[in-house]
There are 2 protein chains.
Amino acid sequence: LAADGLIGARVGSGTVVLSRPEASPATDALPWRQLFAADTNLSPAIRDIIRAALRQDVIPLAASEPSPDLFPMEEVRALADSIFERQGAEALRYAAVEGLPALREAIARRLADRGARTTADNVVVTAGAQQALSILARCFVEPGSEVAMETPTYLGAIQAFRAQGARLVPVPVDAEGMRVDSLEQTLARRSVRCVVTIPNFNNPTGAVMSLERRLRLLEVTRRYGVPLIEDDVYGETWLESPPPAPLIAGKPADHVIHVGSLSKALFAGLRVGWIAAAPAVAERVALIKQTTDLFCGTFSQWLAARILEEGVFDRHVARVRPVYRRRRDVLVAAIERYAGRYLSVNRPAGGSFLWCRLADGLRARELLPYAGAAGVTFVPGDLFSVAGNDEGGFRVGFSLPPEEVLEEGAKRLGGAIEALASRRGVVSAAIGAPPLV
Amino acid sequence: LAADGLIGARVGSGTVVLSRPEASPATDALPWRQLFAADTNLSPAIRDIIRAALRQDVIPLAASEPSPDLFPMEEVRALADSIFERQGAEALRYAAVEGLPALREAIARRLADRGARTTADNVVVTAGAQQALSILARCFVEPGSEVAMETPTYLGAIQAFRAQGARLVPVPVDAEGMRVDSLEQTLARRSVRCVVTIPNFNNPTGAVMSLERRLRLLEVTRRYGVPLIEDDVYGETWLESPPPAPLIAGKPADHVIHVGSLSKALFAGLRVGWIAAAPAVAERVALIKQTTDLFCGTFSQWLAARILEEGVFDRHVARVRPVYRRRRDVLVAAIERYAGRYLSVNRPAGGSFLWCRLADGLRARELLPYAGAAGVTFVPGDLFSVAGNDEGGFRVGFSLPPEEVLEEGAKRLGGAIEALASRRGVVSAAIGAPPLV
């Protein structure tokens, strides 16, 4: 593996385990690096995670993507063909900036079913939740604007807001979700442009915000008049019981901006996500989207609309839930078996990943090259950290590989940790089962 | 038409003829307008053009989109089904940030066929050319950076670069394309971050850059060490004879960044465009794209790859060429017949629109409500202007409606111009056939 130069020994050079050699300046006609706009926030982390997930020769515990083996392909194929039959060429021409009316309706209906007072006019279709976050950053952030963001959190949200020049104010997460007491202190002292949270199955900790915490968060943000951005991409991925109602279902919740996506509960390849918000926000979001990429793929939007309308989505999430529950349990057990001496691991009630914490003296970044050499990937915790810590944490996904591969991945990971621990002189740490978040 | 409140009498309120009432602040929980980041460059222009094109009750001469009637639907449908057969679930999962390898290969091969020394490593797939331009703006522009851009030009390019805070330095276009003598003076005096041009069928003038001009543009930009962005979305839409080789085919042309798309020559609904550039630029572009929307739709990319590989694209452009040539001729003749007393119109050798210039004393913005009342749309020239002029120009598209509808559209437009001219007291102007660009 190390032979191809992509995986290997360069400690700290990669974000997952892979890092391509940089383009050689010698071949360039222009000194490109000097010509690029200064942008200190560019990170290859997500690119590397996806790259690793697409490789055949590495076990991709870095990924948090749903398993292609489980996609409802027969139904999707039939729907695709029916779109060619019914919509024909209309499904391949320009679509409205705000999104296909049928899809906006279907999304609004789902949110209404979950208690939100949402109509199609509130919904703008985006290229996944990543574009939703990126557009919302541009909507609310000027260089130097302060944004309150829970930590740890989705690395793509950190990137999107920093790319707009936001100064992120970290708000800690515990087992009940964002610490609203801490947020309230922040709001009292600072001029915050918006608050960003993942109330359902926080990425990477898996924490679910309790109902009490939700109500308090709604009250505090409303009182301070601060927009509240709810990233709910994992809302439908619960494995035990449904989480509390989304924040946008609060009454009144007109200051809540809801972000959703099909990418985690169904599949990511259509690039269909959305923002649901007050009409003035939806209008602004659409204008920004227009400058960014005009509109979302028409055929993809038709397919997403039909998948939601025809019940394919609902049947799918019900069908895969027990499969992912088993995968989660298999990975938890295997990690405890192979690496339990050196880390603690949680058992989240949904999402698609576990959050691990290494014993004192071991850092996830240092583990990367060992894992690479062993043929397994993970995501080091510092990438999720708004505050710049979480160096002992790392995320492993349970949704993509089948059970036997998860088992093998945990074994490889255990070997890598053993190797690092032996190098660092860390002897089996007495790690109990601490609250991980 | 005026009854629905969307089309009508509010002079200057719409960009095409349509303008939705703004969301009522009375219903908002928060004073959203005060909370939004300052962004004076947001314009609803493209949204309104697309909206108008999707209406059944207005003749959409504002549009420059290809005609759904002509899409090769049988072939596309068969390819889509073969992707479900062959790639299956892989076609719906995450894809690499840079794009699907098969599609990057197919794009690189097309560019190589046109003389560029391009491999798949040079290519990054984007959500249409709009995203390519938006990403390139972020790649090269910091607030206040100067960018040399030909004028008039694509309004989406103006929006994308201004959104990054660029100060646009206008470079005039004549019948041979960008005035390189003017550009050279600009480059000698100013520190320009990049140059942006549409060498083939400039939007909106239809101008094609001559070979001599291309060589000189390459030489000048190379000498000054300035990145040269070539927006070639109309390159394959020639109606008489192929334009000269793209700028990226120059040798060496490593400072050229090529932007392309399937949207104008085939259809826009897949959102497939691309950037082809030096490896360091491709790497930077991918990192920015990752933060923006992670990757392009996987199924759309597979479909685009197969459309290119299987010759569907080439057969399509050859088949539709005579159809669009007739539509162009029909619209030119009809506009001369119905409105020739008040304007001059060109006959471009490709693209999908005509450029009209009104007689002195008439402004395109003032024509908007008259056209709206008559049931026809167009795009006023000031939207394409980097310099803030071209108020007497406007663009009408010939690609979307069939011949009889083009004829009727020109008739309505003629009536609207008559009404405006009579109101303004402009009597039939003696307009010859001046060079329009």
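Colleague: Arg77(B) and Glu85(A) are joined through their side chains in a salt bridge, with 2.8 Å from N to O. What counts as a salt bridge?

Modeller: Side chains of opposite charge can pair when their charged atoms come close. The rule asks for a side-chain nitrogen of Lys or Arg within 4 Å of a carboxyl oxygen of Asp or Glu. This is a predicted model, in which local features need pLDDT of at least 70 and side-chain atom pairs pLDDT 80 or more, while totals for chains, interfaces and linings use all residues. Residues are numbered from 1 along each chain as its sequence is written, chains are lettered from A and ligands numbered from 1 in written order, and side-chain values use heavy atoms, without hydrogens and water.

Colleague: How many residues does each chain give to the contact?

Modeller: Chain A gives 89 residues and chain B gives 89 residues, contact being heavy atoms within 4.5 Å. The area buried between chain A and chain B is about 8,300 Å², and carbon and sulfur atoms give 61% of this area; buried area is the accessible area (1.4 Å probe) lost on putting two parts together, summed over both.

Colleague: What rotation superposes chain A on chain B?

Modeller: Two copies of a chain are related by a rotation about an axis and a shift along it. Here chain A is superposed on chain B by a rotation of 180 degrees with 0.0 Å of shift along the axis, at an RMSD of 0.0 Å. The two copies are therefore related as by a two-fold rotation axis. Both copies use the same surface, since 100% of the contact residues of chain A recur in chain B.

Colleague: Which residues does a cis peptide bond join in chain A, and which in chain B?

Modeller: Most residues other than glycine have a negative phi, and most peptide bonds are trans. In chain A, a cis bond joins Asn203(A) and Pro204(A), with omega about 25 degrees. Pro204(A) sits in the loop between S5 and helix H8 (211-224). In chain B, a cis bond joins Thr151(B) and Pro152(B), with omega about 0 degrees. Pro152(B) occupies the loop between strand S3 (146-151) and H6 of chain B.

Colleague: Is phi of Arg271(A) positive or negative, and where does Arg271(A) lie?

Modeller: Phi of Arg271(A) is positive, near 55 degrees, in a residue other than glycine. Arg271(A) is placed in the loop between strand S7 (256-261) and strand S8 (273-276) of chain A.

How values were computed. Copies are superposed by least squares on the C-alpha atoms of residues with pLDDT of at least 70 in both. Helices (H or I, at least four residues) and strands (E, at least two) are DSSP runs, numbered from the N terminus.
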